[in-house]
Amino acid sequence: MSSAQGGGGGLPGPLRLPDPDDLLSDESIDQLDFAGLLALARAFIEADGVQHAATLAVRATTSDSTKRRTAGVLITALVQLARKKPKDALKSVKSVGESADPDIAAEVFLIRGIAMHTRRKWADAEANYRMAMMLRNGATSGLAAIQLGFLRGAGDEEEAAQNFVAATTCGDPVVIASAHLELAMLLHRNGRHDAAIDRYRAALSSPYPNVALHAAFNLAGLLRDSGDAQAAEESRDLLERIHATGHPAYAPKAAVDLAAGHLEAGRTEGVVELLTMGTTSTDPAVSALAHLHLGACLVDPVQADQHLAIAGKTGSREIKRAASRARKLRHAGR
């Protein structure tokens, strides 16, 4: 359904779907069943193609098939959720009504649950998630279990973990990978690193960068900090693979970690290039750290001062203090 372009040794780069015009042609849509239409809509939304999902909804609602038309209404609700309009999404699923078809009923419960969750109506959200899970409808029940895990995670991490585990049994590989990532992060937060490592590895199979690359980056960090030489080598390999994808969110983070590793080992080759990529990160903490390292390792005093000044303005307190110390040391040495 979706393709991920990138040179990361199997890891997905920025998610790129085939030409939307091809996917939205009458011929393509006619080949999709109810589940396929919903899966394509979610792939569009995952790839920041909400408008394409909206177009898909319109096309589906003109189908000769009643079930495909219903899929169109439900896709409209997904689009409304993506646009942060939960009330409109509730109106859309209400128009579908009660359905004896388990495919439709499960999607209605899931979408209603997410809308209620967004509106902070916890009990209603939980009830709808549980109904979607009870129908055991593949990806939909798995997504409901993940959402219930999010809902329960604030107060009961053990129950959240149970729901993420339940999602790994839904049978849909894309949803299963997402569930493994959520479970891995929960285990990671609780210091259960060996178990987290296994789950991160399982999440690497996702076609979605926000799952696979997130898992790879966190896994690289755990392996690096394990103190094992072989694990450290695997960590570097993962970071290089993430860097090679060129993904705008994850490649700069990997570049900074690779550069830090080179500097710790006394190697300077390629460090400036890696840190320069790091400065393009949309994460201010990552970008500031890259500027700090550049300020410390560049020979040109003017360029070094410029990077340290940026780190001093945009970084955390720790980075600001480090940038200030580095500037003082540089000026004292002149």
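Select Lys-253 and Phe-217: the charged end of Lys-253 sits over the ring of Phe-217, 4.7 Å from its centre. A charge counts as sitting over a ring if NZ of Lys or CZ of Arg is within 6 Å of the ring centre and within 35 degrees of the ring normal. Next, select Lys-67 and Phe-34, where the charged end of Lys-67 lies over the ring at 5.4 Å from its centre.

The model is predicted: local features need pLDDT of at least 70 and side-chain atom pairs pLDDT 80 or more, while totals for chains, interfaces and linings use all residues. Residues are numbered from 1 along each chain as its sequence is written, and side-chain values use heavy atoms, without hydrogens and water.

Move on to the aromatic rings. A search of the whole structure finds one aromatic pair (ring centres of Phe, Tyr or the six-membered ring of Trp within 6.5 Å). Phe-150 and Phe-164 form this pair, at 5.9 Å centre to centre and 65 degrees between the planes; the arrangement is edge-to-face (planes over 60 degrees apart; under 30 is stacked, the rest tilted). Phe-150 belongs to helix α9 (residues 139-153) and Phe-164 to helix α10 (residues 157-167). Helices are DSSP runs of H or I with at least four residues, numbered from the N terminus. Phe-150 is partly exposed, with a relative accessible area of 37%, whereas Phe-164 is buried, at 3%. Buried means under 20%, exposed over 50% and partly exposed in between, with a 1.4 Å probe and protein chains only.

Now select Gly-278 in helix α16 (residues 271-278). Gly-278 is buried, with a relative accessible area of 0%. Leaving aside neighbours within four places in sequence, its contacts (heavy atoms within 4.5 Å) include Pro-252, Val-286 and Ala-290.

Finally, display the largest pocket. A pocket is an open set of points on a 1 Å grid over the protein atoms alone, where a 1.4 Å probe fits, with protein on both sides within 12 Å along at least five of seven lines; lining residues have an atom within 4 Å of a point. Of the 36 lining residues, Arg-42, Glu-46, Leu-143, Gln-147 and Tyr-208 lie nearest the centre of the largest pocket. Helix α3 gives the most to this lining, with eight residues.

For the second largest pocket, select Arg-224, Arg-236, Asp-257, Gly-261 and Glu-264, the closest to its centre of the 13 residues that line it. Helix α15 supplies the largest share of that lining, six residues.

Note on methods. Helices (H or I, at least four residues) and strands (E, at least two) are DSSP runs, numbered from the N terminus.
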